Structures are given as C-alpha cells and as structure tokens.
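Hi everyone, thanks for making time for this. Have a look at the screen first.

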Amino acid sequence: MNRRANLTKLVKIGNKWTYRRPVYTKKTGMLTSRVRHNGKDAELGGSFVLRWYENGHRRRRNLRTGDTLVAISELRKLQKLQEARADGVPVAESPQPGKQSLRQAVEEFLEEVRVNKAKKTWQAFKQVLETFVAACPHATVEGITRRDVMVHFVGALQDQGLSDRTQFHRFACLVSFLKANKCTVVALKDAPDYTETKISVYTQDELKAFFAACDPDDRLLAKFLLFTGAREQEAEYAEWTDILFDKKIFHIHSKPKMGFKIKDREERRVPIPDSLVAELKEVKKHRSHHLIFPANCGRPDGHLIRRIKNVAYKANFNCGKCVGRTGLKCSAGPTCKHWKEHTFRHTFATMHLRAGVDVRTVQHWMGHSSLATTMKYLDYLRAESERTREKVNATFAGL
C-alpha cells in the first residue's frame, strides 16, 4: 500500500459529494482541476483533499480550494514532513501520536453529514460542533471528558439563552458526533430535560384576522401552509410542476438537483381545496419562475416563516404568549413563537380530523412515519370536544 501523501478531489455529482482522482497531463505530469467521471475528463469544481497515513492511521484534510498551485504546495509540504520523519529527524506531532485532532474529526464528520443529509441538517450539526470545539479545551477526540460536555458545552448552551428543548436537540447532535468517533463519555439520557409542549392550533377568528392583515403574496403563502400542511422547506422548494392542477394535488418529493430531501424520504400527495387551486392558477399566469415562493435573488426563500411573523408583528396582533394577561400588543416581533409553521400544520391536522377524515389518511398527508404522532392530534380533539365536556359535567352532576 502506498503510504505517501497524495491528492484527491471532493466533487458534487448530482446530489451527492464523492471523491474522485484528479487528472494529470500526460506530457508534463502536471496536476489539473479536472477529474475522471464516466470514462471522460470533466470539470466538476469542488475542492482538493490531502490524504496520508500517520502512525498507522489514515488522515485526511480538506484544503477548501480548487486552486491546483495551492494544492501542490500543500502536498509538497506534507511530503517533506513525511521524508523528515522517515529519516529520523525529530518533528512535532500534530495531533499527538495515535490521537486524532478534534478539529479534524469535526471536519470529517461534517463532510459525511453534508453528503448524506439535508443542507439544514448539516448547518445544524455545524453550529453545534463549532460551539463544542470553542467550549472544549482539549485538542484531541481521545481527550474529551464528561466534564467537557456536561459543564463546558451545556454551560455554553445555557449562556446563549436557549430553551430546554433546543438544548436537548443540540445535545443529541453532539452525542451523534461522539458516537461516530467511538467516544462514550455521555449518552442521550444525560441530555437536559424539557417539558413536551402541548399542541396549539389557530382559531377561526385568528386565521381570519391574519389573512386580512396580509398582502396578496403573504396571504397565498399562509393559505398554502394551512391548506397543504407543508413543512417550511417543503413550501420553500415547492415548484409549479408539483401542483397537479387537473387532480388538485400537491406532490411533495425530494429534489436532488436542488439539494432538497424530504423528511423520512417518503414522497406523499396531498389533496388541496378548489379555492387554493383557483388562486394558484391565477398567480401562475403572471409568474415565470419555476418556484412558487422564490426569494428576490431567484433562489428558494429560506425565510418563509419570518414573513409570517413579520405580518403578525406589523398588524400588532396580541398573541397572548409573550405579554401574558396585560392586554398589551405583542412586543416579541419577528421572534414571536405563536406564529410559526408548525402551528399551521397542527391546525391543518385538527381541521381534517374534526371534519371526519380518518387518522391514517391524515398521517399520510402530514408525512408522519409513526401513527402515534398523528394520534396526538386526535387526543387533543377528544379532550376539547363538546361531547367530552358533557361527560365531565355528568360525572360531577351529583355534587
């Protein structure tokens, strides 16, 4: 096996990141930015990656550049370092012998997440691991202690003023990284506790007032979220071709070329009401972009829910969640937790169940992998129903 340092290239083919050997010119043997793909030389962009063996362990470092001169310079530096070690010249080890740099382990883990997960998942892991690296005083994975996680990392999350639920999810991301690197100093059971929030839905009066405060574009967005039960990213990447106008169906599926993967990787088709179909048809006549809700730059708009919150803020809605019983207008602004995408989804589910749609069908329309998740909405309706209220009153009528 060749233990000498060499260069490869990390390129994106379709929706996947993969490694390809770079092409060298036949006459001079000079490195080029092209790679071999499908039997031909192709210019696919990407960045060069150094690979070598150190103390019996394979090492890899992404140079974050496609510049061939920079790549060759870094390769020669590493080869000289290897030659010095082979000749017995004392060289400072980085990382320590037999140990892996924490920063390097994070970079390799994030590369794998970027290849196999959605973009927002990668961004979430990146945010969590950057917090951990900043809070952890050790330079190696092997040097991580329980105190680093439970005191330094969790303390950093608390200093950011994050909710208990957010701290739990970020702790879970860190546990995934530690498991991937065979570090068992903590487990998910050590995560900060949080109280499961109850299902919240919009009332008819709230929805009417909200729609009245919207401009035409924001009203279409809010109706789309409510009438389809779509998640934010599903609406963000929705295209006109996803609306089957003849069947009055919204087709939700992954889009590899755009880097979008649906949750649980299960396609679904959601029927939409005639009123929304008619409105979409009318809007489509005046739109040339393939996306239904594009940003000003023409790319998918990653801030759809921010638009919803801005409408509520500008309309001075009193959400009742931020100011308690003072009767004052909501002062939380675009950070208000009452106006959010999941409440539209909750309202979508409860309205269908109240109308008599069976729970299995609602499960499919919502894209839930577990029936137990959808059953929570049915339990909510039973507790809120008039029939339940009559039974409760009958129970205590004698007193």
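So, the second largest cavity holds about 40 Å³ of space. Please keep in mind as we go that this is a predicted model. A search of the whole structure turns up two cavities of 30 Å³ or more. How do we look for such things? Rolling a probe the size of a water molecule over the atoms shows where empty space is left.

Which residues line the second largest cavity? They are Glu 234, Ala 238, Asp 242, Phe 250, His 251, Ile 252, His 253, Lys 255 and Phe 260. Strand E9 gives the most to the lining, with three residues.

Let's stay with E9 for a moment. Three strands make an open sheet in the order E8-E9-E10, with antiparallel pairing. Strand E8 (243-244) and strand E10 (268-271) are at the edges with a single partner strand each, so one side of each has no neighbour in the sheet. Two bridges join E8 to E9, which covers residues 249-252. In that pairing, Ile 243 stands opposite Phe 250 in E9, and Phe 250 is also one of the cavity-lining residues.

Side chains of opposite charge can pair when their charged atoms come close. The side chains of Lys 255 and Glu 239 meet in a salt bridge, at 3.4 Å from N to O. Glu 239 lies in the loop between helix H8 (232-236) and E8, and Lys 255 in the loop between E9 and E10, so the pair ties together parts that are 16 residues apart in sequence. Are these two buried or exposed? Glu 239 counts as buried at 15% relative accessibility, and Lys 255 counts as buried at 7%.

Next comes the salt bridge between Lys 248 and Asp 274, at 3.0 Å from N to O. Lys 248 sits in the loop between E8 and E9 and Asp 274 in helix H9, so parts 26 residues apart in sequence are tied together. Lys 248 is partly exposed, with a relative accessible area of 34%.

And the total? The count comes to 16 salt bridges. Among the residues involved, Arg 61, Glu 74 and Lys 77 are linked in a network. Happy to go back to any of these on the screen!

Note on methods:
Residues are numbered from 1 along each chain as its sequence is written. This is a predicted model: local features need pLDDT of at least 70, side-chain atom pairs count only at pLDDT 80 or more; totals for chains, interfaces and linings use all residues. Side-chain values use heavy atoms; hydrogens and water are left out. Two strands pair if DSSP finds at least two bridges between them. Helices (H or I, at least four residues) and strands (E, at least two) are DSSP runs, numbered from the N terminus. On a 1 Å grid over the protein atoms alone, a cavity is a set of points where a 1.4 Å probe fits but cannot get out, and a pocket is an open set with protein on both sides within 12 Å along at least five of seven lines; lining residues have an atom within 4 Å of a point. Grid points are joined across faces, edges and corners, and a volume is the space filled by probe spheres set on the points. A salt bridge is a side-chain nitrogen of Lys or Arg within 4 Å of a carboxyl oxygen of Asp or Glu. Buried means under 20% relative accessible area, exposed over 50%, partly exposed in between (1.4 Å probe, protein chains only).
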